[in-house]
Amino acid sequence: MSGDLSELYQQVILDHNKRPRNRGKLPTANRVAHGDNPTCGDQCSVYLRLDGDRIADLSFDGSGCAISQASASLMTTLLKGKTVAEAQALYDDFHRIVTTGTAPEEISDIGAFAGVHAFPARIKCATLGWHAAMNAIKGGDPVPATTETHTD
Ligand code: ZN
């Protein structure tokens with residue numbers, strides 16, 4: 001990977017970490033799942049509105065290292081509006097990228113995480129939000145009776 005390319009990829013992670021997308025509780029969510037990664041101290045909750053077979057909306061909330069938060073932020077932008085099957089395919093792609101370092105042929109935001117494969121301890125950071133999202137799709141945790149408001 002050339003210096004320019006890794007710099008570009010780093011920009012994606014820094015940008016999502018600095019300005020996370022879809023962050024905060026989603027008042028309309030009908031699925032919630034939580035994930036944590038004790039080895040790094042990362043926490044991530046995913047709030048998701050599933051309408052039939054489609055992810056109508058989703059958000060995440062959490063704290064932790066830059067990799068975990070940037071990955072969760074990017075995940076929400078990629079899965080929004082997707083069907084469950086499309087989301088599963090994206091998850092499989094992402095998982096392959098972070099475990100093997102094989103980036104997609106075209107330059108994409110998801111490829112920004114290819115470098116993670118060289119640091120096995122960080123793979124859990126990168127997949128935390130995605131795991132939570134897939135768990136939410138598959139049923140997730142019971143939605144709490146009290147809905148808290150979105151804080152921006
Ligand atoms: Zn982490």
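The following legends describe close-up views of a predicted model.

The model is predicted: local features require pLDDT of at least 70 and side-chain atom pairs count only at pLDDT 80 or more, whereas totals for chains, interfaces and linings use all residues. Residues are numbered from 1 along each chain as its sequence is written, and side-chain values use heavy atoms, with hydrogens and water left out.

**Figure 1. Overall arrangement of helices and strands.** The protein contains four helices and three strands, which follow the pattern α-β-β-β-α-α-α along the sequence. Helices (H or I, at least four residues) and strands (E, at least two) are DSSP runs, numbered from the N terminus. Of the 152 residues, 40% count as buried; buried denotes under 20% relative accessible area, exposed over 50%, and partly exposed in between (1.4 Å probe, protein chains only). Among contacts with a separation of 6 or more, 61% are accounted for by residues 24 or more positions apart, a contact being heavy atoms within 4.5 Å.

**Figure 2. The largest pocket and its lining.** The volume of the largest pocket is about 280 Å³. Its lining consists of 13 residues, and Ile 13, Ile 67, Ala 112, Gly 115 and Val 116 lie nearest the centre. Helix 1 (residues 3-18) supplies the largest share of this lining, four residues. By type, the lining comprises eight nonpolar, four polar and one charged residue. Here Ala, Val, Leu, Ile, Met, Phe, Trp, Tyr, Cys and Pro count as nonpolar, Asp, Glu, Lys and Arg as charged, and the others, Gly among them, as polar. On a 1 Å grid over the protein atoms alone, a pocket is an open set of points where a 1.4 Å probe fits, with protein on both sides within 12 Å along at least five of seven lines; lining residues have an atom within 4 Å of a point. Grid points are joined across faces, edges and corners, and the volume is the space filled by probe spheres set on the points.

**Figure 3. Helix 3 and its buried face.** The expected span is 1.5 Å times one less than the number of residues. Ala 87, Leu 90, Tyr 91, Phe 94, Ile 97 and Val 98 are the buried residues of helix 3. Viewed down the helix axis, these buried residues fall within an arc of 125 degrees, so they line one face of the helix; the arc is that of the directions from the helix axis to the C-beta atoms. An α-helix has 3.6 residues a turn, so residues three or four places apart point the same way. The buried residues of helix 3 pack against strand 3 (54-63), helix 2 (66-79) and helix 4 (120-137). Just after helix 3, Gly 101 adopts a positive phi of about 80 degrees.

**Figure 4. Helix 2 and Ser 71.** Helix 2 is mostly covered, with eleven of its 14 residues buried. From first to last C-alpha it reaches 20 Å, close to the 20 Å expected at 1.5 Å a residue. Ser 71 lies in helix 2 and is buried, at 0% relative accessibility. Beyond residues up to four places away in sequence, Ser 71 touches Phe 94, Phe 113, Ala 126 and Trp 130. The C-alpha atoms of Ser 71 and Phe 113 are separated by 8.0 Å, although these residues are 42 apart along the chain. Just after helix 2, Gly 81 has a positive phi of about 85 degrees.

**Figure 5. Gly 35 and Asn 37 in strand 1.** Gly 35 is located in strand 1, as is Asn 37, the strand covering residues 31-37. Gly 35 is buried, with a relative accessible area of 10%, and Asn 37 is buried at 3%. Leaving aside neighbours within four places in sequence, Gly 35 contacts Asp 42, Gln 43, Cys 44, Leu 128 and Ala 132. Gly 35 and Asn 135 are 100 residues apart in sequence and 9.0 Å apart in space, C-alpha to C-alpha.

**Figure 6. His 117 in the loop between helix 3 and helix 4****.** His 117 is partly exposed, with a relative accessible area of 35%. Not counting residues up to four places away in sequence, His 117 touches Ile 97, Val 98, Thr 99, Thr 100, Gly 101 and Ile 123. The C-alpha atoms of His 117 and Gly 101 are separated by 5.2 Å, and these residues are 16 apart along the chain.
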